[in-house]
Amino acid sequence: MRRARTLSRRHARAGWAAIALALAILLTVSGCKPQHAAALAAPRAPPQVGVVTIHPQPIMLTTELPGRTVPFRIADVRPQVAGLIVSRPFTEGDDVAAGQALYRIDPAPYQAALDSARAAVAKARASVTSARLTVARDRPLVQALAVSRENLDNDLATEQQDEADVASALASVETADINLARTAVNSPISGRSGRSAVTEGALVTADQTTVLVTVTQLDPIYVDVTQPVTVLLRLKRELRAGLLKRAGPGEA
């Protein structure tokens with residue numbers, strides 16, 4: 001009897017649990033139906049549609065060609081005579097003109113050499129004058145058999161030698177004059193001066209390897225553009241076809 005009563009109680013409890021679960025499901029479904037129905041009944045917003053109108057028009061195509069600027073001319077200034085720098089009449093970094101003096105070397109020894117060469121010319125000319133007088137004096141004596149023919153030949157040879165000495169002395173004068181002019185170290189080109197390697201008081205030698213200053217000409221100027229050959233051929237084809245417009249003369 002006790003066992004039968006226990007089973008009946010358990011069945012009763014299971015029945016009440018099933019009834020409670022069914023009521024909970026009914027309440028949940030009934031609560032969701034109004035919200036779902038409201039969502040379905042709400043009007044939907046129309047989708048946003050963008051419109052683009054296409055019109056043909058020309059555009060500019062740009063091709064970038066990287067390059068490197070190179071000076072038009074570069075001059076390394078070196079002394080052509082040896083001596084002491086007494087002045088530097090230019091400012092580093094300034095533009096200089098062709099023929100402008102950049103350095104001045106002590107001209108005193110070269111002026112002395114020029115004076116000595118001129119004196120040698122005067123001496124050689126005096127010797128020529130003496131030789132000509134001797135020839136003029138001995139020529140009639142040879143005809144009178146008062147002087148031998150050999151003496152006259154020697155006089156003529158002495159005259160020619162003295163004339164050669166005059167020519168050599170004149171060449172020495174020209175050389176001394178050139179060296180004196182070279183004591184002024186001038187700029188060979190017009191351009192921008194660089195940094196000076198020496199100052200006043202420096203001793204320089206002729207044709208030394210050390211550069212006194214470098215002058216670069218920047219107007220006009222080169223622009224080296226390194227590109228493959230295929231790019232160059234393509235640009236030429238586009239120029240011939242009229243797809244590219246050539247710049248004016250003298251323009252980049």
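Start the tour of this predicted model by selecting Leu102 and Tyr103, the residues with the most contacts inside the largest nonpolar core, which has 25 residues; such a core is a set of buried Ala, Val, Leu, Ile, Met, Phe, Trp, Tyr and Cys residues joined through side-chain atoms within 4.5 Å, where buried means under 20% relative accessible area, exposed over 50% and partly exposed in between, with a 1.4 Å probe and protein chains only. Then colour β1 (67-77), β4 (101-105), α2 (108-143), α3 (149-181) and β8 (213-225), the elements that give two or more residues to this core; helices (H or I, at least four residues) and strands (E, at least two) are DSSP runs numbered from the N terminus.

Local features need pLDDT of at least 70, side-chain atom pairs count only at pLDDT 80 or more, and totals for chains, interfaces and linings use all residues. Residues are numbered from 1 along each chain as its sequence is written, and side-chain values use heavy atoms, with hydrogens and water left out.

Staying on Leu102, display its contacts (heavy atoms within 4.5 Å), which include Val77, Phe90, Val185 and Val215.

Next, show the open sheet, whose 4 strands run in the order β5-β4-β2-β7 with antiparallel pairing, two strands being paired if DSSP finds at least two bridges between them. Because β5 (184-186) and β7 (203-204) each have a single partner strand, one side of each is left without a neighbour in the sheet. Zoom in on β2 (residues 83-87), which pairs with β7 over 2 bridges, and find Leu84 opposite Leu203.

Finally, select Ala97 in the loop between β3 (95-96) and β4, a partly exposed residue at 39% relative accessibility, which touches Ser187, Ile189 and Ser190 when residues up to four places away in sequence are not counted.
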